[in-house]
Amino acid sequence: MTAPLLEISGVTKRFGGLTALSDVSFSIRQGEIVGLIGPNGAGKTTLFSNLVGLHRPTAGSIRLDGTEMVGLKPHRIAAAGMVKTFQNIALFLDSSVLDNVLTGGLMRHSVEEARALARRCLDQVGIGAIAAKLARDLSFPERARVEVARALCTEPRILLLDEAMAALNHVEMDEFLALLRRLSADGLTLVVVEHHMRAIMSLCQRIVVLNFGQLIATGTPAEVSRDPEVVKAYLGRSAGEEVK
Ligand SMILES: Nc1ncnc2c1ncn2[C@@H]1O[C@H](COP(=O)(O)OP(=O)(O)OP(=O)(O)O)[C@@H](O)[C@H]1O
């Protein structure tokens, strides 16, 4: 058994009197696709923010390939190989797709190298043809892909996707899922927060369920979808489909 790529141990996050995450522990192996689900307010976004250094956990440890990430600034964590895409896609609207994506590469590369890398990342996500388009003119599916390309331009080992499929219809979502499967096949480790249950269940090998900041279940999609506590907290309300 190889050591986990990401090891989350006893992570607690309090905002004043509110405990958004309570002693959360789980680990992720290299190459896995893990889904993170739970009702609104369960702590999913807070966990992502703690993982990438936007928030510092009140307690606990986050080890990436054995190295402690707690206390590091987001750019150091990104340089170590862990980045997230954003729930509300924050692109530079008056810049081209290529310029938006190359910002991800400037951490390690010169502008020229970052531009070449950005072109490869755009090709990787299937939108090389729209490199010159302004971000403000993009469709939702294009935006979702640009956001992934920008994250890929940081050359991550593990990519956290925060509701990247929220604005997509079913056909667009299936195309996006195919992209994520390709990235996974290329060796990228993925953690996906998503309310679309069909997407999560078909994509992920393993699912972690949060409720009121606590980890209440982890297992394969089949295991968690028949876990009585998960059904009560989350799935029961959705009849197995989209929840919001
Ligand atoms: N910066 C903050 N200050 C205070 N409370 C916060 C902050 N960020 C999150 N919270 C609270 O922490 C809890 C967890 O919120 P979080 O956004 O992580 O949940 P979530 O599972 O991502 O929900 P959703 O599915 O709605 O995005 C909520 O009660 C939320 O109000």
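In what order do the strands of the open sheet of 6 strands stand? In this predicted model, local features need pLDDT of at least 70, side-chain atom pairs count only at pLDDT 80 or more, and totals for chains, interfaces and linings use all residues. Residues are numbered from 1 along each chain as its sequence is written, and side-chain values use heavy atoms, with hydrogens and water left out.

The order is E6-E7-E8-E3-E9-E10, with mixed pairing; strands (E, at least two residues) and helices (H or I, at least four) are DSSP runs numbered from the N terminus, and two strands pair if DSSP finds at least two bridges between them. Strands E6 (82-84) and E10 (214-219) form the edges, each pairing on one side only. Strand E9 (residues 206-211) runs antiparallel to E10 and is joined to it by 5 bridges. Within E10, glutamine 214 stands opposite asparagine 211. Helix H1 packs on the sheet, touching E3, E6, E7, E8 and E9, where contact means heavy atoms within 4.5 Å.

The ligand is surrounded by 13 residues, the closest being Gly41, Gly43, Lys44, Thr45 and Thr46; a residue counts as near if one of its heavy atoms lies within 4 Å. H1 supplies the largest share of this shell, 3 residues. Oxygen atoms of the ligand lie 3.1 Å from a polar backbone atom of alanine 42, 2.8 Å from a side-chain N or O atom of lysine 44 and 2.5 Å from a polar side-chain atom of threonine 46; a polar contact is a pair of N or O atoms within 3.5 Å.

Key: Polar contact = N/O pair within 3.5 Å; in protein donor to acceptor, adjacent residues only side chain to side chain. Axes fitted to C-alpha atoms, helices over the stretch in contact; angles between N-to-C directions.
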